[in-house]
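Here are my notes after a pass through the model. Have it open beside you while you read.

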Amino acid sequence: MFGDLKDLWPDEFREFIRIACLIILAIFILSLLWGTVRSLVSLPLTAPSPLPQTSPIAAINLEAKAALVYDIINGRVIFAKNKDDILPIASITKIMTAYTALTMVPKDTIITIRHDDILEVGETGLIVNEQWRLSDLVKLMLVSSSNDAASAIAAGVENVTQLNFVLAMNNLASQMGLSNTRFRNPTGLDEYSNVISGSFSTAGDIAKMFAYLFQHQPALFTGTNESFIETYSLAGSKHVAYNTNSFSNQIPSLVASKTGTTDLAGGSLAIIFKPVPNETVAVVVLGSTPAGRFTDMLKLVRATISQLTGSKI
């Protein structure tokens with residue numbers, strides 16, 4: 001009997017192993033099939049969304065070497081072209097000149113126009129020994145981009161040389177996080193017979209500066225959204241300052257504006273405007289031409305409005 005079992009056991013054992021292997025293999029195959037079925041069932045029932053069409057602002061062609069459209073309220077970039085390229089900024093510098101002076105001394109500080117001040121490039125009607133309240137002279141400087149006023153403001157801060165004033169400008173820029181910005185003078189004019197720019201920055205830094213000042217010292221921009229302003233010296237002499245942004249009346253809901261142009265900088269322009277309610281946007285154009293900065297800006301403004309409203313340009 002035992003002999004018969006001993007002879008039969010190997011065949012039965014082999015058959016058992018064969019069946020067990022088949023069962024295990026079947027289970028494995030079924031598990032793979034089940035996983036595939038589950039993955040297919042979990043796919044969305046609707047077709048994938050089509051790729052978004054090119055936005056109006058993305059297709060814009062600009063003369064400017066660099067540009068940026070920045071949503072100040074939400075902290076997002078709407079459009080960028082070479083926003084981190086370091087370029088001359090010309091008279092956009094005067095925004096920091098104004099902020100530095102107003103940080104160092106009270107807005108009612110009396111500034112006297114010196115002979116050296118009116119030797120600067122450009123003529124904006126200032127007179128030697130004329131006295132101004134700082135806040136009024138700042139308005140004239142920013143609207144008419146007066147180099148005479150910028151020089152007088154930098155010199156009018158008591159016990160501070162122009163060199164120290166410029167150092168203060170750079171310190172404030174660092175505090176704002178403008179890591180790619182450097183100032184050499186308070187006007188932004190080119191130096192050494194137009195060999196070296198008076199200031200360097202990026203579209204990104206300029207947008208950041210405008211956003212910071214809009215949020216912390218909005219009064220600094222007073223008048224820069226107007227075609228012209230009337231301002232008065234302490235003696236009561238009226239000065240009419242015409243905005244160097246000749247397109248200011250073509251930009252809807254303009255809040256702030258500053259132009260700049262030199263041989264090295266070409267044409268530059270930075271603004272803040274409200275394209276739609278509850279939206280405040282900074283737009284910066286650098287390295288364009290003196291005329292192209294305005295057409296570039298209008299393109300960006302109109303495309304921004306179209307982008308945010310869904311309307312056609």
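**Notes on the model**

1. Two strands count as paired if DSSP finds at least two bridges between them. Helices (H or I, at least four residues) and strands (E, at least two) are DSSP runs, numbered from the N terminus.

2. A word on the ground rules. This is a predicted model, so local features need pLDDT of at least 70 and side-chain atom pairs count only at pLDDT 80 or more, while totals for chains, interfaces and linings use all residues. Residues are numbered from 1 along each chain as its sequence is written, and side-chain values use heavy atoms, with hydrogens and water left out.

3. Another open sheet has 5 strands in the order β2-β1-β12-β11-β10, with antiparallel pairing. Its edge strands are β2 and β10 (254–262), each pairing on one side only. Neighbouring strands here are turned by 5° against each other on average, direction ignored. At one end, strand β1 (residues 66–71) and strand β2 (residues 76–81) run antiparallel and are joined by 5 bridges; Ala67 has Lys81 in β2 as its bridge partner. β1 and β2 make a hairpin with 4 residues between them, and Gly75 in the turn has a positive phi of about 65°. β10 pairs with strand β11 (residues 266–273) in the antiparallel sense over 8 bridges, with Ser257 bridged to Ile271 in β11.

4. What lies across β1, β2, β10, β11 and β12 (281–288)? Helix α7 does, running at about 30° to β11. Angles run from 0 to 180 degrees between N-to-C directions, and axes are lines fitted to C-alpha atoms, for helices over the stretch in contact. Have a look at Thr304, which lies in helix α7 (residues 292–309). Thr304 is buried, at a relative accessible area of 0%. Buried means under 20% relative accessible area, exposed over 50%, and partly exposed in between (1.4 Å probe, protein chains only). Setting aside neighbours within four places in sequence, Thr304 is in contact with Ile57, Val69, Ile78, Phe273, Pro275 and Val281. Contact means heavy atoms within 4.5 Å.

5. On to helix packing. Helix α2 (residues 93–104) packs with helix α3 (residues 134–144) at an angle of about 175°, their axes 10 Å apart. That makes the two roughly antiparallel (angles under 35 degrees count as roughly parallel, over 145 as roughly antiparallel, 65 to 115 as roughly perpendicular and the rest as oblique). From α2, Lys94, Ile95, Thr97, Ala98, Ala101 and Leu102 meet Leu134, Val138, Met141 and Leu142 of α3.

6. Are the residues of α3 mostly buried or exposed? In α3, 9 of the 11 residues are buried, so this helix is largely enclosed by the rest of the structure. Ser145, which follows α3, has a positive phi, near 55°. Helix α4 (residues 147–156) is also largely enclosed, since 9 of its 10 residues are buried. Among them are Asn147, Asp148 and Ser151. The buried residues of α4 pack against α2, β4 (110–112), α3 and α5 (162–175).

7. Finally, the aromatics: searching the whole structure gives 4 aromatic pairs. In one, the rings of Tyr99 and Tyr212 have centres 6.3 Å apart and planes at 75°, so the pair is edge-to-face. Rings of Phe, Tyr and Trp (its six-membered ring) pair if their centres lie within 6.5 Å; planes under 30 degrees apart count as stacked, over 60 as edge-to-face and the rest as tilted. This pair links distant parts of the chain, with Tyr99 in helix α2 and Tyr212 in helix α6 (residues 203–216), 113 residues apart. Tyr99 is buried, at a relative accessible area of 10%, whereas Tyr212 is partly exposed at 27%.
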